[in-house]
Amino acid sequence: MSGSGSGSGSGSGFVATKRLHVITWGCQMNVYDSLRMADVLAPLGYTPVPTPDDADMVILNTCHIRDRAAEKVFSELGRLRRIKEARAADGGRMILAVAGCVAQAEGAEILARAPYVDIVLGPQTYHRLPDMVARAGGSPNKVGGSKAGGDRAAPVIETDFPPEQKFDDLPEASAPQGLSAFLTIQEGCDKFCSFCVVPYTRGAEMSRPAAAVLAEARKLAAQGAREIVLLGQNVNAWHGAGVREGTAQDDATWGLGRLLSAMAEIPGIARLRYTTSHPGDMDDTLIAAHRDLPMLMPFLHLPVQSGSDRMLTAMNRRHSAADYLRLIERLRAARPDLALSSDFIVGHPGETAADFAATLTLVREVGFAQAFSFKYSARPGTPAAGAPDQVPEAEKDRRLQQLQALLREQQARFNAGCVGRTLPVLFTGPGRHPGQVAGRSPFLQPVHLTGPASLIGTETPVNIVAAHTNSLSAALASATVPTASPSPSSQPASSTSASAHPSAAESTSHFAALTTPLATTPIKERACA
(Lines give C-alpha, C1' and ligand atoms only; values in the text may rest on other atoms or scores of the structure.)
Protein backbone atom coordinates (compact mmCIF):
# COMPACT_ATOMS: atom_id res chain seq x y z
CA MET A 1 0.00 0.00 0.00
CA SER A 2 1.43 3.33 -0.96
CA GLY A 3 0.92 6.59 0.91
CA SER A 4 0.23 10.05 -0.42
CA GLY A 5 3.50 11.42 0.91
CA SER A 6 6.71 10.49 2.60
CA GLY A 7 7.19 9.86 6.28
CA SER A 8 10.24 10.42 8.40
CA GLY A 9 12.84 8.09 9.82
CA SER A 10 14.18 4.87 8.39
CA GLY A 11 14.04 1.13 8.78
CA SER A 12 11.22 -0.58 10.64
CA GLY A 13 10.26 2.66 12.38
CA PHE A 14 9.27 4.36 9.13
CA VAL A 15 5.70 5.66 9.23
CA ALA A 16 4.18 6.67 5.90
CA THR A 17 1.62 9.38 5.33
CA LYS A 18 -1.70 7.65 4.77
CA ARG A 19 -4.99 8.91 3.44
CA LEU A 20 -8.23 8.88 5.43
CA HIS A 21 -11.77 9.47 4.20
CA VAL A 22 -14.77 9.58 6.54
CA ILE A 23 -18.37 9.36 5.36
CA THR A 24 -20.69 10.80 8.00
CA TRP A 25 -24.39 10.14 8.40
CA GLY A 26 -26.53 11.66 11.07
CA CYS A 27 -26.62 14.41 13.62
CA GLN A 28 -24.05 17.02 14.49
CA MET A 29 -22.65 14.74 17.21
CA ASN A 30 -21.58 12.34 14.47
CA VAL A 31 -19.86 15.22 12.69
CA TYR A 32 -17.95 15.91 15.91
CA ASP A 33 -17.12 12.21 16.33
CA SER A 34 -15.75 12.08 12.77
CA LEU A 35 -13.46 14.98 13.59
CA ARG A 36 -12.21 13.25 16.71
CA MET A 37 -11.59 9.98 14.87
CA ALA A 38 -9.36 11.91 12.48
CA ASP A 39 -7.54 13.35 15.51
CA VAL A 40 -7.03 9.85 16.94
CA LEU A 41 -5.60 8.56 13.66
CA ALA A 42 -3.41 11.59 12.90
CA PRO A 43 -0.44 10.30 14.99
CA LEU A 44 -0.47 7.17 12.83
CA GLY A 45 0.15 9.28 9.73
CA TYR A 46 -3.44 9.51 8.45
CA THR A 47 -4.45 12.76 6.75
CA PRO A 48 -7.97 13.50 5.45
CA VAL A 49 -8.74 13.32 1.72
CA PRO A 50 -11.98 14.40 0.01
CA THR A 51 -12.91 11.12 -1.73
CA PRO A 52 -12.61 7.41 -0.93
CA ASP A 53 -11.04 6.53 -4.28
CA ASP A 54 -7.43 6.92 -3.17
CA ALA A 55 -7.93 6.52 0.57
CA ASP A 56 -5.94 3.99 2.59
CA MET A 57 -8.71 3.91 5.18
CA VAL A 58 -12.41 4.67 4.86
CA ILE A 59 -14.70 5.02 7.87
CA LEU A 60 -18.49 5.03 7.61
CA ASN A 61 -19.75 6.90 10.68
CA THR A 62 -23.36 5.80 10.79
CA CYS A 63 -26.71 6.89 12.24
CA HIS A 64 -29.53 4.56 13.31
CA ILE A 65 -32.27 7.19 13.62
CA ARG A 66 -33.75 6.98 10.14
CA ASP A 67 -35.76 4.14 8.64
CA ARG A 68 -33.72 1.62 6.64
CA ALA A 69 -30.51 3.10 8.08
CA ALA A 70 -28.72 -0.25 7.99
CA GLU A 71 -29.67 -0.90 4.37
CA LYS A 72 -28.18 2.45 3.34
CA VAL A 73 -24.94 1.45 5.05
CA PHE A 74 -24.83 -1.88 3.23
CA SER A 75 -25.48 -0.14 -0.07
CA GLU A 76 -22.53 2.17 0.54
CA LEU A 77 -20.38 -0.77 1.60
CA GLY A 78 -21.12 -2.48 -1.71
CA ARG A 79 -19.79 0.55 -3.58
CA LEU A 80 -16.68 0.72 -1.40
CA ARG A 81 -16.07 -3.01 -1.82
CA ARG A 82 -15.29 -2.47 -5.49
CA ILE A 83 -12.72 0.20 -4.60
CA LYS A 84 -11.21 -2.07 -1.94
CA GLU A 85 -10.96 -5.02 -4.35
CA ALA A 86 -9.37 -2.87 -7.05
CA ARG A 87 -6.79 -1.71 -4.52
CA ALA A 88 -6.04 -5.32 -3.55
CA ALA A 89 -5.65 -6.29 -7.21
CA ASP A 90 -2.93 -3.63 -7.49
CA GLY A 91 -1.13 -5.05 -4.47
CA GLY A 92 -2.35 -2.44 -2.01
CA ARG A 93 -4.92 -2.29 0.72
CA MET A 94 -7.79 -0.14 1.94
CA ILE A 95 -8.94 -0.58 5.53
CA LEU A 96 -12.73 -0.36 5.69
CA ALA A 97 -14.36 0.49 9.03
CA VAL A 98 -17.99 0.95 10.09
CA ALA A 99 -18.50 3.16 13.14
CA GLY A 100 -21.39 4.81 14.95
CA CYS A 101 -24.85 3.71 15.99
CA VAL A 102 -25.56 1.23 13.18
CA ALA A 103 -22.26 -0.47 14.03
CA GLN A 104 -23.30 -0.61 17.68
CA ALA A 105 -26.72 -2.09 16.90
CA GLU A 106 -25.81 -4.35 13.99
CA GLY A 107 -22.17 -5.26 14.59
CA ALA A 108 -22.29 -9.02 14.01
CA GLU A 109 -24.75 -8.63 11.14
CA ILE A 110 -22.39 -6.21 9.39
CA LEU A 111 -19.57 -8.75 9.42
CA ALA A 112 -21.93 -11.54 8.33
CA ARG A 113 -23.25 -9.59 5.34
CA ALA A 114 -20.07 -7.70 4.52
CA PRO A 115 -17.12 -9.92 5.54
CA TYR A 116 -14.73 -7.60 3.69
CA VAL A 117 -15.20 -4.99 6.44
CA ASP A 118 -12.06 -4.80 8.59
CA ILE A 119 -13.28 -2.94 11.67
CA VAL A 120 -16.67 -2.46 13.35
CA LEU A 121 -16.70 -0.03 16.28
CA GLY A 122 -19.38 1.57 18.40
CA PRO A 123 -19.55 5.28 19.23
CA GLN A 124 -18.00 4.77 22.68
CA THR A 125 -14.85 2.98 21.48
CA TYR A 126 -13.25 5.14 18.80
CA HIS A 127 -10.49 6.25 21.17
CA ARG A 128 -9.18 2.70 20.65
CA LEU A 129 -8.90 3.07 16.88
CA PRO A 130 -5.06 2.89 16.73
CA ASP A 131 -5.14 -0.51 18.42
CA MET A 132 -7.95 -1.68 16.13
CA VAL A 133 -5.99 -0.59 13.05
CA ALA A 134 -2.96 -2.54 14.23
CA ARG A 135 -5.05 -5.65 14.98
CA ALA A 136 -6.70 -5.42 11.57
CA GLY A 137 -3.28 -5.68 9.94
CA GLY A 138 -2.93 -2.00 9.11
CA SER A 139 -0.17 -1.02 11.51
CA PRO A 140 1.49 2.17 10.24
CA ASN A 141 4.89 0.62 11.01
CA LYS A 142 4.41 -1.99 8.32
CA VAL A 143 4.75 0.11 5.21
CA GLY A 144 3.89 -1.94 2.18
CA GLY A 145 3.57 -5.02 4.34
CA SER A 146 -0.15 -5.12 5.04
CA LYS A 147 -2.12 -8.08 3.87
CA ALA A 148 -4.14 -7.34 0.76
CA GLY A 149 -5.65 -10.67 -0.13
CA GLY A 150 -7.66 -13.44 1.44
CA ASP A 151 -5.10 -14.00 4.21
CA ARG A 152 -5.88 -10.66 5.80
CA ALA A 153 -6.17 -10.38 9.58
CA ALA A 154 -9.47 -11.33 11.19
CA PRO A 155 -11.93 -8.45 11.34
CA VAL A 156 -12.04 -6.43 14.56
CA ILE A 157 -15.31 -5.71 16.35
CA GLU A 158 -15.53 -3.36 19.35
CA THR A 159 -19.09 -2.51 20.32
CA ASP A 160 -18.90 -2.73 24.10
CA PHE A 161 -19.34 0.16 26.48
CA PRO A 162 -15.86 0.42 28.00
CA PRO A 163 -15.62 1.42 31.68
CA GLU A 164 -13.33 4.34 30.90
CA GLN A 165 -14.74 7.48 29.36
CA LYS A 166 -13.45 7.81 25.82
CA PHE A 167 -12.88 11.54 26.26
CA ASP A 168 -10.22 10.79 28.89
CA ASP A 169 -8.13 8.97 26.26
CA LEU A 170 -8.68 11.23 23.26
CA PRO A 171 -5.88 13.51 22.09
CA GLU A 172 -6.44 17.23 21.99
CA ALA A 173 -8.42 18.34 18.95
CA SER A 174 -5.90 19.34 16.32
CA ALA A 175 -7.53 20.51 13.08
CA PRO A 176 -9.44 23.83 13.27
CA GLN A 177 -13.15 23.34 12.71
CA GLY A 178 -13.82 26.78 11.28
CA LEU A 179 -15.76 29.79 12.47
CA SER A 180 -18.55 27.67 13.95
CA ALA A 181 -17.32 24.70 15.98
CA PHE A 182 -18.99 21.69 17.57
CA LEU A 183 -18.10 20.59 21.10
CA THR A 184 -19.63 17.45 22.60
CA ILE A 185 -20.20 17.82 26.34
CA GLN A 186 -22.68 15.02 27.03
CA GLU A 187 -23.43 11.60 25.58
CA GLY A 188 -26.00 8.90 26.10
CA CYS A 189 -29.59 9.01 27.27
CA ASP A 190 -31.51 7.71 30.28
CA LYS A 191 -34.96 8.74 29.02
CA PHE A 192 -35.86 5.58 27.05
CA CYS A 193 -38.49 7.13 24.80
CA SER A 194 -40.53 4.35 23.25
CA PHE A 195 -39.40 5.05 19.68
CA CYS A 196 -35.70 5.78 20.23
CA VAL A 197 -32.58 3.61 19.94
CA VAL A 198 -30.15 6.11 21.49
CA PRO A 199 -30.06 4.56 25.00
CA TYR A 200 -29.14 1.23 23.40
CA THR A 201 -26.53 2.57 20.97
CA ARG A 202 -24.97 5.43 22.96
CA GLY A 203 -25.42 4.08 26.48
CA ALA A 204 -26.22 5.82 29.74
CA GLU A 205 -25.94 9.57 30.18
CA MET A 206 -22.39 10.80 30.75
CA SER A 207 -21.22 14.39 31.29
CA ARG A 208 -17.70 15.67 30.66
CA PRO A 209 -16.08 17.72 33.45
CA ALA A 210 -16.37 21.48 33.07
CA ALA A 211 -12.57 21.89 33.08
CA ALA A 212 -12.20 19.62 30.04
CA VAL A 213 -15.03 21.36 28.19
CA LEU A 214 -13.65 24.83 28.89
CA ALA A 215 -10.13 23.80 27.85
CA GLU A 216 -11.41 22.50 24.52
CA ALA A 217 -13.52 25.63 24.04
CA ARG A 218 -10.48 27.85 24.63
CA LYS A 219 -8.50 25.90 22.06
CA LEU A 220 -11.33 26.20 19.53
CA ALA A 221 -11.41 29.95 20.13
CA ALA A 222 -7.64 30.14 19.67
CA GLN A 223 -8.05 28.31 16.35
CA GLY A 224 -10.48 30.96 15.12
CA ALA A 225 -13.92 29.73 16.21
CA ARG A 226 -16.35 32.60 16.81
CA GLU A 227 -19.33 30.37 17.59
CA ILE A 228 -19.41 27.18 19.66
CA VAL A 229 -22.31 24.72 19.52
CA LEU A 230 -22.49 22.48 22.59
CA LEU A 231 -23.69 18.99 21.73
CA GLY A 232 -25.33 16.12 23.55
CA GLN A 233 -28.06 13.55 23.05
CA ASN A 234 -29.73 15.33 25.99
CA VAL A 235 -27.39 18.29 26.21
CA ASN A 236 -29.34 20.11 28.91
CA ALA A 237 -29.04 17.02 31.13
CA TRP A 238 -25.32 17.87 31.38
CA HIS A 239 -24.16 17.88 34.99
CA GLY A 240 -20.39 17.87 35.10
CA ALA A 241 -17.80 18.48 37.76
CA GLY A 242 -17.41 22.23 38.06
CA VAL A 243 -14.27 24.33 38.41
CA ARG A 244 -13.43 26.17 41.61
CA GLU A 245 -13.19 29.87 40.92
CA GLY A 246 -9.61 31.02 40.39
CA THR A 247 -8.23 27.47 40.30
CA ALA A 248 -8.09 24.43 38.05
CA GLN A 249 -9.55 22.22 40.78
CA ASP A 250 -12.89 20.45 40.56
CA ASP A 251 -15.79 22.04 42.39
CA ALA A 252 -19.39 21.07 42.99
CA THR A 253 -21.43 19.79 40.05
CA TRP A 254 -22.46 22.42 37.53
CA GLY A 255 -25.49 22.47 35.27
CA LEU A 256 -25.58 23.68 31.68
CA GLY A 257 -26.57 27.23 32.64
CA ARG A 258 -23.47 27.62 34.80
CA LEU A 259 -21.27 26.13 32.07
CA LEU A 260 -22.63 28.58 29.49
CA SER A 261 -21.87 31.46 31.84
CA ALA A 262 -18.26 30.29 32.11
CA MET A 263 -17.97 29.87 28.35
CA ALA A 264 -19.29 33.40 27.83
CA GLU A 265 -16.10 34.67 29.46
CA ILE A 266 -13.77 33.05 26.89
CA PRO A 267 -12.15 35.74 24.69
CA GLY A 268 -12.97 35.51 21.01
CA ILE A 269 -16.27 33.64 21.35
CA ALA A 270 -19.15 35.75 20.05
CA ARG A 271 -21.94 33.17 19.97
CA LEU A 272 -23.06 30.13 21.95
CA ARG A 273 -25.67 27.54 21.05
CA TYR A 274 -26.62 24.09 22.37
CA THR A 275 -28.59 21.13 21.07
CA THR A 276 -30.51 18.80 21.51
CA SER A 277 -32.56 19.42 24.66
CA HIS A 278 -35.29 17.60 26.55
CA PRO A 279 -38.12 19.64 28.13
CA GLY A 280 -37.67 17.81 31.43
CA ASP A 281 -34.09 19.08 31.85
CA MET A 282 -34.75 22.80 31.29
CA ASP A 283 -34.01 24.13 34.78
CA ASP A 284 -34.21 27.65 36.27
CA THR A 285 -30.49 28.37 35.84
CA LEU A 286 -30.57 27.49 32.17
CA ILE A 287 -33.66 29.61 31.56
CA ALA A 288 -31.91 32.48 33.34
CA ALA A 289 -28.90 32.05 31.04
CA HIS A 290 -31.18 32.83 28.08
CA ARG A 291 -32.09 36.06 29.86
CA ASP A 292 -28.62 37.05 31.06
CA LEU A 293 -26.17 35.97 28.34
CA PRO A 294 -26.39 38.09 25.17
CA MET A 295 -24.06 35.71 23.32
CA LEU A 296 -26.42 32.77 23.93
CA MET A 297 -28.33 32.91 20.68
CA PRO A 298 -32.12 33.38 20.79
CA PHE A 299 -32.82 30.06 19.10
CA LEU A 300 -33.74 26.86 20.92
CA HIS A 301 -34.41 23.40 19.54
CA LEU A 302 -36.76 21.78 22.07
CA PRO A 303 -38.40 18.57 20.82
CA VAL A 304 -41.93 17.87 21.97
CA GLN A 305 -42.84 15.03 19.51
CA SER A 306 -46.63 15.25 20.06
CA GLY A 307 -49.30 17.55 21.43
CA SER A 308 -51.38 14.69 22.80
CA ASP A 309 -50.95 13.74 26.45
CA ARG A 310 -52.01 10.19 25.61
CA MET A 311 -49.26 9.92 23.00
CA LEU A 312 -46.68 11.63 25.21
CA THR A 313 -47.39 8.98 27.84
CA ALA A 314 -47.13 6.20 25.26
CA MET A 315 -43.82 7.70 24.08
CA ASN A 316 -42.54 7.85 27.70
CA ARG A 317 -41.73 11.54 27.26
CA ARG A 318 -42.29 12.28 30.99
CA HIS A 319 -44.10 15.58 30.41
CA SER A 320 -47.53 16.72 29.27
CA ALA A 321 -48.50 19.17 26.57
CA ALA A 322 -49.39 21.68 29.30
CA ASP A 323 -45.94 21.22 30.86
CA TYR A 324 -44.36 22.06 27.51
CA LEU A 325 -46.53 25.13 27.00
CA ARG A 326 -45.74 26.44 30.49
CA LEU A 327 -42.03 25.95 29.79
CA ILE A 328 -42.35 27.92 26.55
CA GLU A 329 -44.04 30.75 28.48
CA ARG A 330 -41.15 30.87 30.96
CA LEU A 331 -38.54 30.84 28.21
CA ARG A 332 -40.22 33.63 26.30
CA ALA A 333 -40.61 35.67 29.46
CA ALA A 334 -36.84 35.34 29.97
CA ARG A 335 -35.99 36.03 26.30
CA PRO A 336 -38.90 37.60 24.41
CA ASP A 337 -37.21 37.28 20.99
CA LEU A 338 -36.55 33.55 21.42
CA ALA A 339 -37.24 31.53 18.26
CA LEU A 340 -38.23 27.92 18.73
CA SER A 341 -37.68 24.72 16.81
CA SER A 342 -38.95 21.25 17.59
CA ASP A 343 -39.30 17.64 16.45
CA PHE A 344 -42.61 15.90 15.77
CA ILE A 345 -43.46 12.26 15.12
CA VAL A 346 -46.77 11.44 13.48
CA GLY A 347 -48.28 7.98 13.37
CA HIS A 348 -46.76 6.60 16.57
CA PRO A 349 -48.55 3.33 17.43
CA GLY A 350 -51.98 4.08 18.82
CA GLU A 351 -52.16 7.67 17.55
CA THR A 352 -55.77 8.56 16.74
CA ALA A 353 -57.18 11.43 14.71
CA ALA A 354 -57.87 13.23 18.00
CA ASP A 355 -54.27 12.78 19.11
CA PHE A 356 -53.01 14.21 15.84
CA ALA A 357 -55.44 17.14 16.12
CA ALA A 358 -53.93 17.88 19.55
CA THR A 359 -50.50 18.12 17.93
CA LEU A 360 -51.79 20.66 15.40
CA THR A 361 -53.31 22.64 18.26
CA LEU A 362 -50.00 22.75 20.13
CA VAL A 363 -48.15 23.86 16.98
CA ARG A 364 -50.61 26.71 16.45
CA GLU A 365 -50.35 27.78 20.09
CA VAL A 366 -46.53 27.84 20.18
CA GLY A 367 -45.62 29.07 16.70
CA PHE A 368 -42.31 27.62 15.50
CA ALA A 369 -39.58 29.29 13.47
CA GLN A 370 -38.38 25.90 12.27
CA ALA A 371 -39.30 22.29 12.94
CA PHE A 372 -38.57 18.75 11.86
CA SER A 373 -41.42 16.30 11.38
CA PHE A 374 -41.33 12.61 10.61
CA LYS A 375 -43.45 9.56 10.13
CA TYR A 376 -43.00 7.01 12.88
CA SER A 377 -40.85 4.09 11.79
CA ALA A 378 -40.10 1.11 14.00
CA ARG A 379 -36.63 0.59 15.48
CA PRO A 380 -35.84 -3.01 16.41
CA GLY A 381 -35.58 -3.49 20.15
CA THR A 382 -37.57 -0.38 21.09
CA PRO A 383 -40.87 -0.71 22.99
CA ALA A 384 -42.94 0.94 20.25
CA ALA A 385 -41.72 -1.50 17.59
CA GLY A 386 -43.91 -4.29 18.94
CA ALA A 387 -46.78 -2.13 20.15
CA PRO A 388 -50.33 -2.81 18.91
CA ASP A 389 -52.39 -0.39 16.84
CA GLN A 390 -49.75 0.47 14.26
CA VAL A 391 -51.00 3.35 12.11
CA PRO A 392 -51.40 2.58 8.38
CA GLU A 393 -48.71 4.08 6.18
CA ALA A 394 -51.18 6.03 4.05
CA GLU A 395 -52.60 7.70 7.15
CA LYS A 396 -49.10 8.58 8.36
CA ASP A 397 -48.44 10.21 4.99
CA ARG A 398 -51.64 12.23 5.17
CA ARG A 399 -50.94 13.46 8.69
CA LEU A 400 -47.34 14.33 7.90
CA GLN A 401 -48.34 16.40 4.87
CA GLN A 402 -50.92 18.30 6.94
CA LEU A 403 -48.45 18.97 9.75
CA GLN A 404 -45.64 20.03 7.43
CA ALA A 405 -47.95 22.44 5.61
CA LEU A 406 -48.69 24.16 8.92
CA LEU A 407 -45.00 24.22 9.92
CA ARG A 408 -43.98 25.65 6.54
CA GLU A 409 -46.60 28.36 6.94
CA GLN A 410 -45.18 29.27 10.36
CA GLN A 411 -41.62 29.29 9.10
CA ALA A 412 -42.54 31.51 6.17
CA ARG A 413 -44.30 33.91 8.55
CA PHE A 414 -41.29 34.02 10.85
CA ASN A 415 -38.87 34.64 7.98
CA ALA A 416 -41.12 37.33 6.50
CA GLY A 417 -41.18 39.02 9.90
CA CYS A 418 -37.42 39.50 9.66
CA VAL A 419 -37.67 41.62 6.50
CA GLY A 420 -36.92 45.24 7.31
CA ARG A 421 -35.05 44.34 10.50
CA THR A 422 -31.34 44.82 11.14
CA LEU A 423 -29.79 41.56 12.36
CA PRO A 424 -26.21 40.67 13.27
CA VAL A 425 -24.92 37.94 10.96
CA LEU A 426 -21.85 35.79 11.56
CA PHE A 427 -20.38 35.40 8.07
CA THR A 428 -18.77 32.00 7.64
CA GLY A 429 -17.89 31.72 3.96
CA PRO A 430 -18.68 32.52 0.34
CA GLY A 431 -22.22 32.27 -0.95
CA ARG A 432 -23.47 30.15 -3.81
CA HIS A 433 -23.02 32.88 -6.40
CA PRO A 434 -19.96 34.94 -7.34
CA GLY A 435 -19.52 37.96 -5.12
CA GLN A 436 -21.77 36.59 -2.39
CA VAL A 437 -20.91 35.93 1.24
CA ALA A 438 -23.06 33.85 3.55
CA GLY A 439 -23.60 33.35 7.24
CA ARG A 440 -26.20 32.77 9.93
CA SER A 441 -28.61 35.04 11.76
CA PRO A 442 -29.05 34.74 15.53
CA PHE A 443 -32.08 32.57 14.70
CA LEU A 444 -29.91 30.14 12.67
CA GLN A 445 -31.34 31.24 9.32
CA PRO A 446 -28.89 31.19 6.40
CA VAL A 447 -28.29 34.78 5.24
CA HIS A 448 -26.59 35.82 2.01
CA LEU A 449 -25.64 39.15 0.50
CA THR A 450 -23.39 40.62 -2.16
CA GLY A 451 -20.33 41.90 -0.38
CA PRO A 452 -16.57 41.64 0.08
CA ALA A 453 -14.80 38.55 1.35
CA SER A 454 -13.48 40.62 4.24
CA LEU A 455 -16.88 40.11 5.89
CA ILE A 456 -16.03 36.41 6.45
CA GLY A 457 -15.15 35.87 10.08
CA THR A 458 -17.01 38.95 11.29
CA GLU A 459 -20.34 39.42 13.01
CA THR A 460 -21.81 42.32 11.07
CA PRO A 461 -25.23 44.04 11.23
CA VAL A 462 -27.16 43.72 7.98
CA ASN A 463 -30.54 44.83 6.69
CA ILE A 464 -32.83 41.92 5.81
CA VAL A 465 -34.37 42.75 2.43
CA ALA A 466 -36.10 39.53 1.38
CA ALA A 467 -37.28 36.23 2.86
CA HIS A 468 -37.09 32.89 1.07
CA THR A 469 -38.24 29.43 2.04
CA ASN A 470 -35.08 28.51 3.95
CA SER A 471 -32.93 31.65 3.87
CA LEU A 472 -32.83 35.45 3.96
CA SER A 473 -31.34 38.01 1.56
CA ALA A 474 -29.58 41.01 3.07
CA ALA A 475 -27.69 44.22 2.38
CA LEU A 476 -25.05 45.87 4.52
CA ALA A 477 -26.60 48.06 7.18
CA SER A 478 -24.03 50.82 6.56
CA ALA A 479 -21.18 51.72 4.25
CA THR A 480 -18.72 50.38 6.81
CA VAL A 481 -17.08 47.17 5.59
CA PRO A 482 -14.53 45.23 7.63
CA THR A 483 -11.07 45.51 6.12
CA ALA A 484 -9.24 42.92 8.19
CA SER A 485 -9.46 39.42 6.81
CA PRO A 486 -9.91 36.60 9.33
CA SER A 487 -6.96 34.39 10.16
CA PRO A 488 -6.53 31.30 7.97
CA SER A 489 -7.47 29.06 10.89
CA SER A 490 -10.89 30.67 11.06
CA GLN A 491 -11.80 29.96 7.46
CA PRO A 492 -14.40 27.19 7.17
CA ALA A 493 -13.35 24.18 5.14
CA SER A 494 -16.71 24.00 3.41
CA SER A 495 -20.36 24.72 4.01
CA THR A 496 -23.64 23.22 2.96
CA SER A 497 -27.15 24.57 2.94
CA ALA A 498 -29.74 22.96 5.20
CA SER A 499 -33.47 22.68 4.78
CA ALA A 500 -35.50 23.58 7.84
CA HIS A 501 -38.43 21.45 6.73
CA PRO A 502 -37.19 18.15 5.31
CA SER A 503 -39.65 15.72 3.90
CA ALA A 504 -40.09 12.31 5.45
CA ALA A 505 -37.65 10.99 2.89
CA GLU A 506 -34.91 13.60 3.36
CA SER A 507 -34.15 15.37 6.60
CA THR A 508 -31.32 17.58 7.79
CA SER A 509 -29.71 18.35 11.11
CA HIS A 510 -30.03 21.94 12.36
CA PHE A 511 -26.35 22.52 12.95
CA ALA A 512 -24.53 20.00 10.78
CA ALA A 513 -24.76 22.40 7.86
CA LEU A 514 -22.85 25.19 9.58
CA THR A 515 -19.53 23.69 8.61
CA THR A 516 -18.12 20.44 7.34
CA PRO A 517 -14.60 20.78 8.69
CA LEU A 518 -13.17 17.34 7.89
CA ALA A 519 -12.55 16.00 4.40
CA THR A 520 -15.62 13.81 4.66
CA THR A 521 -18.79 13.09 2.81
CA PRO A 522 -21.63 14.32 5.08
CA ILE A 523 -24.95 12.52 4.68
CA LYS A 524 -27.27 14.30 7.06
CA GLU A 525 -30.16 13.00 9.11
CA ARG A 526 -32.14 14.59 11.93
CA ALA A 527 -30.71 15.17 15.36
CA CYS A 528 -31.42 12.72 18.15
CA ALA A 529 -34.35 13.84 20.27
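Rings of Phe, Tyr and Trp (its six-membered ring) count as a pair if their centres lie within 6.5 Å. In this predicted model, that rule gives four aromatic pairs.

Select Phe-192 and Tyr-200 to see one of them: the ring centres are 5.6 Å apart and the planes stand at 75°, over the 60 degrees required, so the pair is edge-to-face. Phe-192 is partly exposed at 38% relative accessible area, and Tyr-200 is partly exposed at 39%.

Next select Phe-414 and Phe-443. Their planes meet at 90° with the centres 5.4 Å apart, so this pair is edge-to-face. Phe-414 belongs to helix α13, while Phe-443 lies in the loop between β20 and β21; the pair links distant parts of the chain, 29 residues apart. Phe-414 is partly exposed at 24%, whereas Phe-443 is buried at 3%.

Two arginines sit over rings. Show Arg-113 with Phe-74: the arginine lies over the ring face, 3.8 Å from the centre. Then show Arg-258, whose charged end is over the ring of Trp-254 at 4.2 Å from its centre.

Move to helix α7, residues 210–222. Colour the buried residues Ala-210, Val-213, Leu-214, Glu-216, Ala-217, Leu-220 and Ala-221. Viewed down the axis, the buried residues of α7 fall within an arc of 165°, so they line one face of the helix. Just after α7, Gly-224 has a positive phi of about 110°.

Finish with the cysteines. The whole structure has zero disulfides. Cys-196 is buried at 9%, and its sulfur is 6.2 Å from that of Cys-193, the closest cysteine sulfur, too far for a bond. Cys-63 is buried at 10%.

Note on methods:
Residues numbered from 1 in each chain as written. Predicted model: local features only at pLDDT ≥ 70, side-chain atom pairs only at ≥ 80, totals over all residues. Heavy atoms only, no water. Buried < 20%, exposed > 50% of the residue type's maximum accessible area, 1.4 Å probe, protein only. Helix = DSSP H or I, 4+ residues; strand = E, 2+ residues; numbered from the N terminus. Arc of directions from axis to C-beta. Disulfide = S-S within 2.5 Å. Phe/Tyr/Trp six-rings, centres within 6.5 Å; stacked < 30°, edge-to-face > 60°. Lys NZ or Arg CZ within 6 Å of the ring centre and 35° of its normal.
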